[in-house]
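Here is a short briefing to read alongside the structure. Have the viewer open and follow the topics in order.

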Amino acid sequence: MSASMLFQNALLIDPEAGTQTRGHLRVEDGFITDIGTDLIPKSEGEGVIDAQGQALAPALIDLRVNACAPGINGPEPLHITFKAAAAGGIGTLVLSPASGQGITRPEDLEWLDYQALSAPVRVLGAGYGLDGEDGLSEIGLMLRAGAAYIGDKGKAIADTRLARRIMAYASTFDAVVSLRPDDPFLASGTIAHECDMAARMGLSQRPGVGERIGAQRDAALAELTGARLLMDRITTREGLEVLKTAKQKGLDVYGSVPLTHLLFNTVDIGSFQSAYRFEPPLREEEDRLALIDAVKSGLIDFVVSDHTPMAHFDKDQPFGDAKPGTQALEALLPGLCHLVAEGYLTLAEALRAVTCCPAAMLGLDQGRLKVGAPADLVLFNPDAPALSLRQPAVSTAPSVFAGRRLAGKVIATFIEGELVAHAPTEDHA
Amino acid sequence: MSADPYAYTFPHSDLLSVGGLNPIDLQMIFTRAEEHFARNQGEDKKLGTLKGLTQINLFFEASTRTLASFELAGKRLGADVVNFSAGNASIKKGESLADTALTLAAMKPDLLVVRHGSAGAARFFAQTTGIATVNAGDGAHEHPTQALLDSFTLIQRWGDVAGRRIAIVGDILHSRVARSNIALLNLMHAEVRVCGPATLLPGDIDQWGVSVFHDLDQALEGCDAVMTLRIQRERMSNGLLASEREYGALYGLNHQRLEHAKPDCLIMHPGPMNRNVEISSALADDPDISLILDQVESGVAVRMAILELLAQKAPSMTWQDRVNYREGDA
């Protein structure tokens with residue numbers, strides 16, 4: 001690594017300021033040290049990268065990745081997950097509490113730290129808030145061991161008293177509590193969103209109001225306990241309404257949305273394609289458009305990949321028997337660029353939800369394009385078709401994006417100024 | 001190979017749902033079924049049209065009449081018929097469905113008849129194996145041969161179902177029979193009514209080309225036929241219904257209630273019946289009104305027609321032909 005490096009002729013995307021400008025950016029010793037339109041290479045020893053007008057943005061921060069770790073080597077070994085993140089322009093990823101056999105003890109986070117030593121990207125873990133059926137986990141020790149946030153295992157916690165206690169206890173440490181807003185009883189045993197399409201297909205369904213009921217409970221508990229609440233993967237108009245009200249009340253709440261729910265809707269499951277089985281299930285087009293609007297307005301704070309690698313035989317099943325989820329790390333940036341190409345969002349609006357917003361919640365310095373910030377950067381062509389997703393570059397887990405043409409191609413990813421992934425050089429010009 | 005270049009050949013290589021059929025397809029199915037129906041009355045019921053072909057009946061859910069009906073249909077057409085059903089070893093050994101499908105496909109059957117508890121399972125088999133597949137019921141999705149045999153039974157009585165008013169009563173939400181029948185009867189221009197408590201009707205069912213009733217007497221007004229559905233006992237225990245007694249009182253069919261319908265109204269039931277719950281025993285056994293056994297009889301003839309039409313495509317097509325055909329189809 002050269003200690004000093006200059007990116008020339010880049011389209012600099014600053015999601016925090018909401019700007020995109022042509023210019024140059026200098027990296028020294030892993031930090032951004034200068035941004036301007038008139039930077040010239042220092043006489044000696046400085047590496048120069050000609051961006052040829054391509055976009056340069058903070059590397060992405062993905063708040064929800066369901067890795068096959070710690071503890072087991074699942075269908076996707078951990079180092080492949082990390083490599084896929086780097087290839088997808090993601091600089092920081094947070095493993096969800098349900099990753100592998102669960103991140104439930106401080107030791108799990110220490111183990112993860114150890115695994116992350118050789119990772120090309122920054123890796124954080126989120127801790128599971130419960131121990132067994134009805135006890136609290138060692139939330140304090142997990143936070144001390146570096147847990148990014150405390151959460152459930154992707155399914156709503158049915159017991160309201162327990163949810164309250166997790167939030168109250170976590171608020172002691174000013175930690176964010178991530179809860180899936182849902183009514184577990186309405187959701188129980190269902191595989192599809194309640195709508196005409198799914199009814200005709202004979203799939204068991206849950207109504208959108210389930211999310212509203214869950215979100216309202218969690219918002220009320222946040223108000224009661226003063227906890228910082230992340231509404232994990234809002235997917236309906238009903239859920240958005242609650243998030244909006246909670247924010248208007250001045251509560252410390254955040255909302256995330258999975259990439260898949262910005263791109264697909266119930267119509268996609270119409271031919272029983274198991275690839276489109278997700279948890280929470282795909283919603284209606286009105287929901288999808290409302291979610292995109294919420295990303296645009298900033299009501300939704302984060303877009304997450306919800307990367308869920310699995311074996312192919314887990315997906316190769318009739319719709320209802322297939323495991324929910326998809327690999328998505330390498331699709332996160334192209335998926336967002338796709339929404340930009342379709343005119344729904346500007347690049348800065350799209351990237352805000354995967355850079356400076358998650359950085360602000362977690363108190364991280366990266367995720368911003370400004371002098372003094374760590375040089376976690378992604379160089380990409382927002383318009384080039386990402387056809388390589390037909391055969392994903394790194395992750396080979398089942399993908400709903402396989403064969404789908406998305407816009408946006410990652411050219412190179414840098415962490416602390418160091419190149420950690422790059423596309424084959426011939427095709428980005 | 002047809003001599004007439006303009007002849008319409010049955011275009012489907014699978015029967016997965018009613019949705020893909022057009023009126024000419026239906027005409028072809030019913031014309032053939034009529035021939036088979038007549039032959040089945042006689043002493044020599046055997047035909048050789050499927051001689052040399054192998055039919056596998058793959059039933060992941062318990063079934064008596066549908067399995068027997070498909071088995072008889074295949075055998076009467078001369079096919080070699082093999083049954084795999086729910087208690088079967090390979091199914092229970094935890095093998096994935098894709099592996100089961102590929103294993104069976106490797107034995108080179110020509111026809112697959114699939115029943116499975118998951119919606120879309122028959123389509124999954126068709127796509128995985130490329131073998132002509134008949135959906136014999138997939139979860140709450142569809143049961144197309146049941147709908148075809150129901151309409152065939154009515155056509156034999158009436159000549160046509162167009163313009164007839166037909167009520168479907170009971171658990172529409174969980175019923176594949178209802179979904180297939182609603183689609184087919186609409187295709188044939190019948191007037192369809194559905195009736196049941198709100199817990200057993202899909203929320204948007206008024207979009208399905210039916211009128212919706214919660215009161216049975218109102219639903220029966222002016223009906224030419226009534227299809228009652230089997231009520232599953234487990235609906236009582238999970239809060240969808242109160243009790244058999246209450247269901248019977250509200251939605252059970254009997255002679256007295258049938259007076260709200262047209263005088264010569266007919267009764268159908270896909271079986272197996274819960275006597276004196278969804279239908280009174282006396283009504284079920286009334287030969288002037290009940291078509292229940294006629295449905296079973298029609299079933300064999302209709303399934304013979306379907307197997308024959310699908311088999312026309314099956315032997316001459318290679319796997320690649322079928323893939324090309326599917327892609328051209330889409």
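Into which domains is chain B divided? Domain 1 of chain B takes in 18-143 + 298-329, and domain 2 of chain B covers 144-295. Please keep in mind that this is a predicted model.

**Chain B overall**
- The secondary structure of chain B consists of 13 helices and nine strands.
- With a radius of gyration of 20 Å, close to the 20 Å that the globule rule gives for 330 residues, chain B is as compact as a globular protein of that length.
- Along the principal axes, a box of roughly 55 × 45 × 40 Å holds the C-alpha atoms of chain B.
- Of the 330 residues in chain B, 47% are buried.
- Among contacts in chain B with a separation of 6 or more, 75% come from residues 24 or more positions apart.

**The two domains of chain B**
- Taken over C-alpha atoms, the centres of domain 1 and domain 2 of chain B are 26 Å apart.
- Domain 1 of chain B brings 23 residues to the contact, and domain 2 of chain B brings 22 residues.
- On the domain 1 side of this contact, the elements of chain B that give two or more residues are α1 (23-41), β4 (132-138) and α12 (292-313).
- That side of domain 1 of chain B has eleven nonpolar, eight polar and four charged residues.

**A look at α4(B)**
- Which residues of α4(B) are buried? They include B:Leu97, B:Thr100, B:Ala101 and B:Leu104.
- Viewed down the axis of α4(B), the buried residues fall within an arc of 100 degrees, so they line one face of the helix.
- As background, an α-helix has 3.6 residues a turn, so residues three or four places apart point the same way.
- On the face of α4(B) turned away from the buried side, you will find the exposed residues B:Leu102, B:Thr103 and B:Ala106.
- After α4(B) comes B:Lys108, which has a positive phi, near 55 degrees.

**Where chain B meets chain A**
- The contact between the chains involves 19 residues of chain B and 15 residues of chain A.
- On the chain B side, α4 (97-106), α5 (121-129) and α7 (176-187) are the elements that give two or more residues.
- The most comes from α5(B), which gives three residues to the side of chain B that touches chain A.
- By class, that side of chain B has seven nonpolar, eight polar and four charged residues.

**The two domains of chain A**
- Chain A is divided as well: domain 1 spans 4-56 + 373-382 + 407-427, and domain 2 spans 58-362.
- The centres of domain 1 and domain 2 of chain A, taken over C-alpha atoms, are separated by 30 Å.
- In chain A, 21 residues of domain 1 are in contact with 24 residues of domain 2.
- At least two residues of the domain 1 side come from each of β1 (4-14), β2 (19-28), β19 (377-385), β20 (407-415) and β21 (418-422) of chain A.
- With six residues, β20(A) gives the most to the side of domain 1 of chain A that touches domain 2 of chain A.
- That side of domain 1 of chain A has twelve nonpolar, five polar and four charged residues.

Conventions. Residues numbered from 1 in each chain as written. Chains lettered and ligands numbered in written order. Predicted model: local features only at pLDDT ≥ 70, side-chain atom pairs only at ≥ 80, totals over all residues. Contact = placed C-beta atoms within 7 Å. Helix = DSSP H or I, 4+ residues; strand = E, 2+ residues; numbered from the N terminus. Nonpolar A, V, L, I, M, F, W, Y, C, P; charged D, E, K, R; others polar. Rg over C-alpha atoms; globule rule 2.2 N^0.38 Å. Buried ≥ 20, exposed ≤ 12 C-beta atoms within 10 Å, placed from the backbone. Domains from an automatic or database assignment. Arc of directions from axis to C-beta.
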